[in-house]
Amino acid sequence: MIGTAAASMDRRSPWQAIRQYVMVFDGTLLLAMALVVLISVATMYSAAFDFPGRFAGHARNLGVAAAVMWLAAIVPPAILMRLALPLYLLGIALLIAVDLFGIINKGAQRWLDLGFTRIQPSEMLKIATPLMLAWYFNQREGMLRWTDFLVATVLLALPVLLIAKQPDLGTSILVLAAGAYVIFFAGLSWKIIFGLGALALASMPLLWSVLHDYQRQRVMTLLDPTSDPLGKGFHIIQSTIAVGSGGLWGKGWMLGTQTHLEFIPERTTDFILAVFAEEFGLLGIGVLMLLYLAIISRGLVIAGSAATVFGRLMAGSITMSFFTYCFVNIGMVIGILPVVGVPLPWMSYGGTAMVTLGLGAGIMMSIHRHRTLVQT
């Protein structure tokens, strides 16, 4: 009997050894994300029907993002904290290198040529910036002063200004939002928040004067897309037509006329929601919104149950960054926000953005796994 029990334990030992590397995902968060990915695959197949290789590329990007999510999920938050400062400094150095030696493409200087590949360093700052700020506030736990928030603002402003200079308004907004959420969750006073809001409104004329011509045109197009229906207003007009023509039930999968007659621009990237809305209608959009709401709600629960200040701030920032992605993308597709090139999470085609989203989700799952640990 003793020998049998020992043999049984030996048979279980391999699973016990690998279990900590397999059971790393939060079930609720993973289920909601998996359902969004299924919707994404179906929508991309339709949207990319006339784009050879685009659907296969999207599937590959999803696979890479899943692998990155798994790797991030098995890394303890303590290691992430140790990586915060080096990653932030590396990101700033790469942004400076882009400014000095970057490749100019379509009027923007956003990429570095490494010889064997090109990279867009601004993408890593979507994670590195909130990581740095969360580490900083964790170090200052219990002794925060107003000067700490000032230092955090400087740490945030540096990458935001470097990215905006490229120019890359969409990414700079996302980095700004990710860092601002950390500062907010760290305990920034509402008086300061309202004061900054008033200051931002008062500085609108100055902001308008420093915008590039194409950025000003985007704002003017938002106010009146029909002023240039075949040029700057084409994106908004065609996407709103597609969304509206889907009606309640949609035209059916692969039956979207705006999509397959190629009226929807960037239909596999920034405007993929218009494809989904046309083919699956208001009910389909409602289901997708509920899934995003489930992801955001679960993320806030994970943030609230985090064991450390770092975990709480990081999970909260990542969750609200997902919200920002969704809000900005949906807003520009239906014509209530300017077109700024922000993808829809796990739906839009794009390797770098997909990996960033997978990394963020993996960090949240790591924080959830270690929620019962006591900080020492």
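How do the residues of the lining of the largest cavity divide into nonpolar, polar and charged? The legends below get there by way of the whole chain, the sheet and the pockets.

**View 1. Confidence along the predicted chain.** Please keep in mind that this is a predicted model. The mean pLDDT of the chain is 86, with 92% of the residues at 70 or more. Helix α13 (residues 272–304) has the highest confidence, at 95, while helix α1 (residues 2–22) has the lowest, at a mean of 56. Look with care at residues 5–9, where pLDDT stays under 50; the model gives this stretch zero contacts beyond four places in sequence. Where pLDDT is low, the predicted coordinates should not be read in detail.

View 2. The strands follow the order β1-β2-β3, with antiparallel pairing. At the edges are β1 (103–105) and β3 (118–119), each of which pairs on one side only. Two bridges join β2 (residues 108–113) to β3 in the antiparallel sense, and here you can find D113 opposite R118 of β3. Helix α4 (residues 77–101) lies across β1 and β2, and it runs at about 110 degrees to β2.

**View 3. The largest pocket.** This pocket has a volume of about 2,100 Å³. It is lined by 44 residues, and those closest to its centre are V160, I173, L176, A200 and L207. Two or more lining residues come from each of α6 (146–164), α7 (169–185), α8 (190–202), α9 (204–210), α10 (213–223) and α14 (309–333). By class, the lining holds 35 nonpolar residues, seven polar and two charged.

**View 4. The second largest pocket.** Here the volume is about 1,500 Å³. Of the 40 lining residues, K106, R110, E266, D270 and G341 are the closest to the centre. The elements that give two or more residues to this lining are α3 (54–73), β2, α7, α10, α11 (234–245) and α15 (351–369). Helix α7 gives the most, with four residues. The lining of this second largest pocket divides into 14 nonpolar, 15 polar and 11 charged residues.

**View 5. The largest cavity, and the reply to the opening question.** A search of the whole structure finds two cavities of 30 Å³ or more. About 120 Å³ of space lies in the largest cavity. Its lining has 13 residues, and K126, I127, S321, Y325 and T356 lie nearest the centre. Helices α5 (125–139), α7, α14 and α15 each give two or more residues to this lining, and α14 gives the most, with five. As for the question at the top, the lining of the largest cavity divides into eight nonpolar residues, four polar and one charged.

**View 6. The second largest cavity.** This cavity holds about 30 Å³ of space. The residues that line it are P343, L344, W346, S348, G350, A353, M354 and L357. Six residues of the lining are nonpolar, two are polar and none is charged.

Key: Residues numbered from 1 in each chain as written. Predicted model: local features only at pLDDT ≥ 70, side-chain atom pairs only at ≥ 80, totals over all residues. Heavy atoms only, no water. Pairing = 2+ DSSP bridges. Contact = heavy atoms within 4.5 Å. Axes fitted to C-alpha atoms, helices over the stretch in contact; angles between N-to-C directions. 1 Å grid on protein atoms, 1.4 Å probe; cavity = no way out; pocket = protein on both sides within 12 Å on 5 of 7 lines; lining within 4 Å. Points joined across faces, edges and corners; volume = space filled by probe spheres on them. Nonpolar A, V, L, I, M, F, W, Y, C, P; charged D, E, K, R; others polar. pLDDT = per-residue confidence, 0-100.
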